[in-house]
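Thanks for coming. I will go through one model today and keep to side-chain contacts, strands and rings.

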Amino acid sequence: MRKFFGKFVSVTLAAAVIAMFALSSDDKWCSRVDKAFDESALGSFLNESKAGYGRYATGLPGQAASVLADSGENGENGGNGGTEQDIGQTADTASTHRATDRDYEETDKISDGINVEGVYACGRLTGIYEQTEGVLVVNTTEVTDEDGKKVNPADKKVQCGDYILSVNGRTVADKEELSEAVNDIMKEYDERHEDESNEDKSTVNIKFLRGGEKMSADITPVRMDDGRYYMGIWVKDDLAGIGTITYYTKDGRFGALGHGIGDGTQSGNLLYANSGDLYSMKLTKIKKGKAGTPGEIGGVVYFGKKSHIGTLDCNSNLGIYGQLDSDELSEYAAEDTYYPVADKDEIHTGSAQMISEISGKLEKYNLEITNIDKKATDTNKGMELKVTDERLIELSGGIVQGTSGSPIIQDGKIIGAVTHVFVDDPTGGYGICIDEML
């Protein structure tokens, strides 16, 4: 099996989009599993405002965002080294990354340690929004001070993947708060020292998270020609994308994607977030996959109370988890099929079906399970699959970004979810076994 897997480069199936605006924090999010996000994964999140980086990116206001599963070529920090890609994002590299001051065990998964005998198979596309814990550092950069001198104030002080929590003890939750804190502190310093020599520059103390550990650094902000102070740090505070809900229980607990959501930076880590939500979306585009170029879906996600579907409370390498809103639970349960959960030993090679909303409505598409690895090192690749349904091949070329989490049915039971696509063959890919997600 390992020899066979070696014939293909695979891509996890996560979609990426432009993040929109800050969300209130409920401090319930977790990064449960000690895994890091593969930096070469496609589905890197697009920058919110490229022009804003270095001067603190400003969010894009509004209630709706056009979103597209991004191959990384449009993202400033996205990259595709030809390895793996996901529609949520992938988490394949061993690490020791955890959310701050939290210790979540495997029982934080949807079953919470209780045997789950059955779930509703979903397959619906959804817009995903997360707000980071603190302000995420994308990179550091040179800035030009008011005298025309180029400096990099934050170089070797903070790095890609850090989460800034406070400035001089002042808590910051988003980009705007970070920028205002720095400028308030520096303006106060200027007022106190306006008659003194300007040679002794004031510094600010930044407290941040790195790999779950709290750290600090002193940085000397630079005043630019607009009269404001900058630390030369590219930052963002929220991420958004498209994915697929895999299943939900009778009480509305759901699992989606079948892999974790990365932080969208070159650090390759799972996202640390305070909160997250699911929203309804309208499918507007399907880019067919072909050998060497994974396909992708696009759509419009409406961020608002009327479009709210559910709340996220966990991000792990096995998927994202949360609670559906009561209205959605009632609506979905009236339409979806309740399936028994298959044990890993019940899964076998042969015919199966994938449930997806990629055509604009929920449909089943024929698959072939070609191989099973019950001891897979990469849990997201517990089974290998091949699309055999000509309707899906004609529609999308096979498996595309945006469909991570599509449930797989075999012998009247739910057996797992689609997670990866082979770059060289969009009709083939990997899936995660359902007992891993549960």
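This is a predicted model: local features need pLDDT of at least 70, side-chain atom pairs count only at pLDDT 80 or more; totals for chains, interfaces and linings use all residues.

Residues are numbered from 1 along each chain as its sequence is written, and side-chain values use heavy atoms, with hydrogens and water left out.

Strand 20 comes first. Helices (H or I, at least four residues) and strands (E, at least two) are DSSP runs, numbered from the N terminus. Buried means under 20% relative accessible area, exposed over 50%, and partly exposed in between, with a 1.4 Å probe and protein chains only. Strand 20 covers residues 308-316, and eight of its nine residues are buried, so the rest of the structure largely encloses it.

What does strand 20 pair with? Two strands pair if DSSP finds at least two bridges between them. Strand 17, residues 273-279, pairs with strand 20 in the antiparallel sense over four bridges. In strand 20, His 308 stands opposite Tyr 279. Strand 21, residues 319-324, also runs antiparallel to strand 20, and six bridges join them. Leu 312 has Gly 322 in strand 21 as its bridge partner. A hairpin connects strand 20 to strand 21 through two residues.

Tyr 279 leads on to the rings. Rings of Phe, Tyr and Trp (its six-membered ring) pair if their centres lie within 6.5 Å; planes under 30 degrees apart count as stacked, over 60 as edge-to-face and the rest as tilted. By this rule the count is seven aromatic pairs. One of them is Tyr 279 with Phe 303: the ring centres are 5.2 Å apart and the planes stand at 75°, so the pair is edge-to-face. Tyr 279 is in strand 17 and Phe 303 is in the loop between strand 19 (295-302) and strand 20, so the pair ties together parts 24 residues apart in sequence.

Phe 422 and Tyr 430 make another edge-to-face pair, because their planes are at 80°, with the ring centres 5.1 Å apart. Phe 422 is buried at 3% relative accessible area, and Tyr 430 is buried at 3% relative accessibility.

Phe 422 also turns up next to a glycine. Gly 428 lies in strand 29, residues 425-433, and is buried at 1% relative accessibility. Which residues does Gly 428 touch, not counting those up to four places away in sequence? They are Leu 385, Lys 386, Ile 399, His 420, Val 421 and Phe 422, where contact means heavy atoms within 4.5 Å. Glu 384 is 44 residues from Gly 428 in sequence, yet the two are 7.6 Å apart in space, C-alpha to C-alpha.

Next, the salt bridges. A salt bridge is a side-chain nitrogen of Lys or Arg within 4 Å of a carboxyl oxygen of Asp or Glu. By this rule there are 18 salt bridges. Arg 223 and Glu 146 form one of them, at 3.1 Å, N to O. That pair links distant parts of the chain: Arg 223 is in strand 13 (residues 222-223), Glu 146 is in the loop between strand 7 (143-144) and strand 8 (150-151), and they are 77 residues apart. Arg 223 is partly exposed at 31%, and Glu 146 is partly exposed at 41%.

The side chains of Arg 228 and Glu 180 also meet in a salt bridge, at 3.0 Å, N to O. Arg 228 lies in the loop between strand 13 and strand 14 (229-230) and Glu 180 in helix 2 (residues 175-192), so this pair ties together parts 48 residues apart in sequence.

Is Asp 389 buried or exposed? Asp 389 is buried, with a relative accessible area of 6%, whereas Arg 391 is partly exposed at 43%. The two form a salt bridge, with the closest N and O atoms 2.9 Å apart. Elsewhere, salt bridges that share partners join Arg 124, Glu 335 and Asp 336 into one network.

A charge sits over a ring if NZ of Lys or CZ of Arg is within 6 Å of the ring centre and within 35 degrees of the ring normal. Arg 124 lies over the face of Tyr 332, 4.0 Å from the ring centre. Lys 250 lies over the face of Tyr 338, at 4.7 Å from the ring centre. Ring pairs link Tyr 332 and Tyr 338 with Tyr 120 and Tyr 248 into a cluster.
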